[in-house]
Amino acid sequence: MDNEDYDTGPAYVRLVSNDGHTFVVSKDVASVSGTLQNMLSDTFEEGQTNTIKLHDIDGTVLEKVVEYLYYNRKWADSVDVPEFAVPTEMALELLVAADFLHV
């Protein structure tokens, strides 16, 4: 689906991977990432277009990152937090993405 085929609205942001996969995420959830939160400020183009292109992250990794952002938001104030499953074969790529995104 082309990124321009739908409107995400002001409460949502599009995250686009380097291989063209698009994930529509609430801005509240995206703000779990310090990097995404900064990019969504009015100072940057991404804050005005609500679209962030992540040139160094592929779709499979970005999908897991988005899953983690929602997981983090859901369990932020909890004491008994279930373990977040990370596939072994994806661990290094996720670590690099998490470092870049400050999550």
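View 1. Apart from neighbours within four places in sequence, V65 is in contact (heavy atoms within 4.5 Å) with L94, A97 and L101. The model is predicted, so local features need pLDDT of at least 70 and side-chain atom pairs count only at pLDDT 80 or more, while totals for chains, interfaces and linings use all residues. Residues are numbered from 1 along each chain as its sequence is written, and side-chain values use heavy atoms, with hydrogens and water left out. V65 is one of the residues with the most contacts inside the largest nonpolar core, a list that also holds L15, V25, L36, I52, L54 and L62. This core has 22 residues, where a nonpolar core is a set of buried Ala, Val, Leu, Ile, Met, Phe, Trp, Tyr and Cys residues joined through side-chain atoms within 4.5 Å, and buried means under 20% relative accessible area, exposed over 50% and partly exposed in between, with a 1.4 Å probe and protein chains only. Two or more core residues come from each of strand 1 (12-16), strand 2 (22-26), helix 1 (27-30), helix 2 (34-39), helix 4 and helix 5; helices (H or I, at least four residues) and strands (E, at least two) are DSSP runs numbered from the N terminus. Helix 4 supplies the largest share of the core, 5 residues. In soluble globular proteins, nonpolar side chains tend to be buried together.

View 2. Over the whole structure, a search finds 3 aromatic pairs, with rings of Phe, Tyr and Trp (its six-membered ring) taken as paired if their centres lie within 6.5 Å, and with planes under 30 degrees apart counted as stacked, over 60 as edge-to-face and the rest as tilted. The ring centres of Y68 and F84 are 5.2 Å apart and their planes stand at 80°, so this pair is edge-to-face. Because Y68 lies in helix 4 (residues 59-75) and F84 in the loop between helix 4 and helix 5 (91-101), the pair ties together parts that are 16 residues apart in sequence. Y68 is partly exposed, at 24% relative accessibility, whereas F84 counts as buried at 17%. Y71 and F84 have ring centres 4.9 Å apart and planes at 50°, so their pair is tilted. This pair also links distant parts of the chain, with Y71 in helix 4 and F84 in the loop between helix 4 and helix 5, 13 residues apart. Both Y71 and F84 are buried, and ring pairs link Y68, Y71 and F84 into a cluster. K64 lies over the face of F84, at 5.0 Å from the ring centre, the criterion being NZ of Lys or CZ of Arg within 6 Å of the ring centre and within 35 degrees of the ring normal.

View 3. L69 is found in helix 4 and is buried, with a relative accessible area of 0%. Leaving aside neighbours within four places in sequence, L69 is in contact with V29, A30, V32, S33, L36 and V103. The C-alpha atoms of L69 and S33 are separated by 7.6 Å, although these residues are 36 residues apart along the chain.

**View 4. M90 in the loop between helix 4 and helix 5.** M90 lies in this loop and counts as buried at 11% relative accessibility. Not counting residues up to four places away in sequence, M90 touches T60, V61 and K64. Between M90 and V61, which are 29 residues apart along the chain, the C-alpha separation is 7.3 Å.

**View 5. S26 in strand 2.** S26 lies in strand 2, and with 14% relative accessibility S26 counts as buried. Beyond residues up to four places away in sequence, S26 touches A11, Y12 and Y70.

**View 6. Two residues with positive phi.** N50 has a positive phi of about 60° although it is not a glycine, and N50 lies in the loop between helix 3 (45-49) and strand 3 (51-53). H102, likewise not a glycine, has a positive phi of about 55° and lies in the segment after helix 5. N50 counts as buried at 11% relative accessibility, whereas H102 is exposed, with a relative accessible area of 54%.
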